[in-house]
Amino acid sequence: MFNIQFEDPDSTTGDKLFAHQNSWGLSTRSIGVVVMVHGDNKGLVLPPRVAFYQAVIVPCGVTDANKEQLNTHCTEMKKSLQKAGIRSHADLRENYNTGWKFNHWELKGVPVRIEIGPRDLKNNQVVVVRRDNGVKATLQNENLEDQLNKLLNTIHDDMYNRALVERDANMAVTTSWEEFCQFLDQKKIIQAPYCGDIACEEIIKKDSARTEIVDDKAPAMGAKSLCIPFEQPADATKETCIQQNCCKPAQSYTLFGRSY
């Protein structure tokens, strides 16, 4: 869009300024990335810092005799966690059983499930279950807020590191056109020297496309540039462009990938 203006907050005469724009398109596609990178066969697995609820509290072993006590305890715990900055929810619905609730919140990707039953009330403890790996742990109610904040930070770091390892395992660096095509067929993203010429990218896209369809489910489109990484794997200016018929020196290592 063009000519987007706003009033200069420092101006006393109503001067206008132009808005700075970029083309990163950081919108719903970022949600798609979270779903694809972290999700599993049970549903979403949300990083704690972006999850709407970071913890959900589910009463267990509810009977007519203990229902009020359990529900009151869960409600008070929710308020305590919220006061500590933990986005939490107590699922006190009576028309669904405990197992259904577990499955429901796993599907929604809530990072931590807190289970509280009659025995937990007696022992002044809770059972917490991590969504990202299913590990269970028993925590004492004393300083529970601090323990959960540390756990959420641990979950964040673990999820980030797992995703980073997977990304690095599927990223290659090459200056060879033959290797470039091989890596592409292995579904890798590739850092390769590139001169920056639009015409060269069109040739790369055309020459790296599959002309023979061996598998209907296999990707066939050619490679396109995705971005220029800030951290360069080497000095690209010492290399020529990855486009096999281009003799121009590269400007940078550019990340290429195939659309699916």
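In strand 7, L139 is the bridge partner of V126. The model discussed here is predicted.

Colleague: How many bridges join strand 6 to strand 7?

Modeller: The pairing of V126 with L139 in strand 7 is one place to begin. The number of bridges that join strand 6 to strand 7 is five.

Colleague: Which residue of strand 6 is the bridge partner of I114?

Modeller: Strand 5 and strand 6 run antiparallel and are joined by four bridges. For I114, the bridge partner in strand 6 is V128.

Colleague: How many of the residues of strand 6 are buried?

Modeller: In a regular strand the side chains alternate between the two faces of the sheet. On one side of strand 6, Q125, V127 and V129 are buried, and on the other V126, V128 and R130 are buried, so both faces are covered. Strand 6 is therefore largely enclosed by the rest of the structure, and its buried residues number six of the six.

Colleague: Which residues of helix 5 are buried?

Modeller: Helix 5 spans residues 144–169 and reaches 37 Å from its first C-alpha to its last, close to the 38 Å expected. Its buried residues are covered by elements including helix 1, helix 2, strand 5, strand 6 and strand 7. An α-helix has 3.6 residues a turn, so residues three or four places apart point the same way. The buried residues of helix 5 are L144, L148, L151, L152, I155 and M159.

Colleague: With which side chain does the side chain of E201 make a polar contact?

Modeller: E201 is found in helix 7. E201 is buried yet has no salt bridge, as K205, the nearest side chain of opposite charge, is 5.1 Å away. Leaving aside neighbours within four places in sequence, E201 is in contact with Y194, K224 and S225. The polar contact, at 2.8 Å, is with the side chain of S225.

Colleague: Does N124 count as buried, partly exposed or exposed?

Modeller: N124 lies in the loop between helix 4 and strand 6, and its phi is near 55°, a positive value in a residue other than glycine. Because its relative accessibility is 43%, N124 counts as partly exposed.

Colleague: What is the relative accessibility of K187?

Modeller: K187 is placed in the loop between helix 6 and strand 9. Its phi is positive, about 65°, although K187 is not a glycine. K187 counts as exposed because its relative accessibility is 54%.

How values were computed. Residues numbered from 1 in each chain as written. Predicted model: local features only at pLDDT ≥ 70, side-chain atom pairs only at ≥ 80, totals over all residues. Heavy atoms only, no water. Helix = DSSP H or I, 4+ residues; strand = E, 2+ residues; numbered from the N terminus. Expected span 1.5 Å × (residues − 1). Buried < 20%, exposed > 50% of the residue type's maximum accessible area, 1.4 Å probe, protein only. Contact = heavy atoms within 4.5 Å. Lys, Arg positive; Asp, Glu negative; His and termini not counted. Salt bridge = Lys/Arg side-chain N within 4 Å of Asp/Glu carboxyl O. Polar contact = N/O pair within 3.5 Å; in protein donor to acceptor, adjacent residues only side chain to side chain. Pairing = 2+ DSSP bridges.
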